[in-house]
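The briefing is arranged by topic.

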Amino acid sequence: MIIVKTPEQIENIRSACQIVAGALREVETRIGPGVSTGELDKFVEGYIRDNGGEPAFIGYRGYKYATCTSLNHEVVHGLPGRAVLKAGDILGLDIGAKVNGYYGDAARTFAVGEIPKKTRKLLKSTEEALAAGITQARDGNHLGDISAAIEKVAERHGFSVVRDLYGHGVGIELHEDPLIPNFGEPGHGPLLKENMVLAIEPMLNVGGSNIRMLADKWTIITEDRSLSAHFEHTILVRKGEAEILTWLQKM
Ligand code: MF3
Ligand code: CO
């Protein structure tokens, strides 16, 4: 069942999302060659706590970190630690915050120093796929409209979409109904209604769509070790255009 949120729940989810947005903005300035993923994770954890939130990922199914840090051919759920960034890398940073029991979730893939043109295209295309999905997230549309829009952008740019991992409802739990595939048919699936809250998160690969899990039981990589990018926003479904809750509001 897809939960339609109350105004009070939405206020709390918005607060959590704004902490995530702020953390992403602040951590971006700290990303660069020589920095370890563990340092970035500690910075984000501190930022979330200093701003009145809790890191939503810590304790989730035994997860130990505030962030997921996925480097290069890692798709998602990479573990922060000793890995040191170098120019030419791409780093997916996924952050969740909890405020008064309510959740926000967002991710971006950052370039470390200069990256090749093809890699820039992968990042841009993944962001564009997310934007296209968000455009379809409106009252009266179907879930499949979001999925199909994402797939279409990926295909147009010649990238494959990860088919075994999904976006999700979010807010009262970190992961709620519905699952949101990044591929699908327009007009199919459940109807979207005002005040549903969704985490839309396309993952695009340069090579094939297949993935596998590392022995750490968390890190997901591309089977062919090709580069992968991941962008995610938590959005509020409305009658018109969705509100992107994990965009920083000007104050
Ligand atoms: N944003 C991630 C997702 O939706 C959440 C990471 S789960 C955790 O898949 F266990 F790493 F926290
Ligand atoms: Co998510």
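The points below take up the ligand site, then individual residues, then the backbone.

This is a predicted model, in which local features need pLDDT of at least 70 and side-chain atom pairs count only at pLDDT 80 or more, while totals for chains, interfaces and linings use all residues. Residues are numbered from 1 along each chain as its sequence is written, chains are lettered from A and ligands numbered from 1 in the order in which they are written, and side-chain values use heavy atoms, with hydrogens and water left out.

**Ligand site**

- Ligand 1 sits in the largest pocket, where sitting in a pocket requires more than half of the molecule's atoms to lie within 2 Å of its grid points. A pocket is an open set of points on a 1 Å grid over the protein atoms alone, where a 1.4 Å probe fits, with protein on both sides within 12 Å along at least five of seven lines.
- The residues that surround ligand 1 include Phe57, Tyr60, Tyr63, Cys68, His77, Asp94 and Asp105, and also among them are His168, His175, Glu201, Trp218 and Glu232; a residue is listed if one of its heavy atoms lies within 4 Å of the molecule.
- A polar side-chain atom of Asp94 is placed 2.8 Å from a nitrogen atom of ligand 1, whereas His168 has a polar side-chain atom 2.9 Å from an oxygen atom of the ligand, and a polar side-chain atom of His175 also lies 2.9 Å from an oxygen atom of ligand 1.
- Taken alone, ligand 1 exposes 330 Å², of which the protein buries 96%; accessible areas come from the Shrake-Rupley method with a 1.4 Å probe, and for residues only the protein chains shown count as cover.

**Strand S14**

- His233 is found in strand S14, which spans residues 233-236, and Thr234 has its place in strand S14 as well; helices (H or I, at least four residues) and strands (E, at least two) are DSSP runs, numbered from the N terminus.
- His233 counts as buried because its relative accessibility is 13%, and Thr234 counts as buried because its value is 0%; buried means under 20% relative accessible area, exposed over 50%, and partly exposed in between, with a 1.4 Å probe and protein chains only.
- The side chains of His233 and Thr246 are joined by a polar contact of 2.7 Å, and a polar atom of the Thr234 side chain lies 2.6 Å from the backbone oxygen of Asp105. A polar contact is a pair of N or O atoms within 3.5 Å; within protein, one must be able to donate a hydrogen and the other to accept it, and residues adjacent in sequence count only if both atoms are side-chain atoms.

**Other buried residues**

- Thr222 lies in strand S12 (residues 220-222) and counts as buried because its relative accessibility is 0%. With neighbours within four places in sequence left aside, Thr222 is in contact with His73, Val75, Asn205, Asn210, Ile211 and Ser228.
- Ala137 belongs to the loop between helix H3 (117-136) and helix H4 (143-156), and it is buried, with a relative accessible area of 0%. Its contacts, leaving aside neighbours within four places in sequence, include Ile146, Leu192, Ile235 and Ala242.
- Ala137 and Val197 are 60 residues apart in sequence, and their C-alpha atoms are 9.8 Å apart in space.

**Loops and backbone geometry**

- His77, in the loop between strand S3 (74-76) and strand S4 (90-99), has a positive phi of about 65° although it is not a glycine, and it is partly exposed, with a relative accessible area of 27%.
- Arg225, in the loop between S12 and strand S13 (228-230), has a positive phi near 60° and is likewise a residue other than glycine; it counts as partly exposed because its relative accessibility is 45%.
- Lys86, in the loop between S3 and S4, counts as exposed because its relative accessibility is 52%, and, leaving aside neighbours within four places in sequence, Lys86 is in contact with Pro33 and Val112.
- The peptide bond from Asp177 to Pro178 is cis, with omega near -5°, and Pro178 is found in strand S8 (residues 176-180).

Methods. Contact = heavy atoms within 4.5 Å. 1 Å grid on protein atoms, 1.4 Å probe; cavity = no way out; pocket = protein on both sides within 12 Å on 5 of 7 lines; lining within 4 Å.
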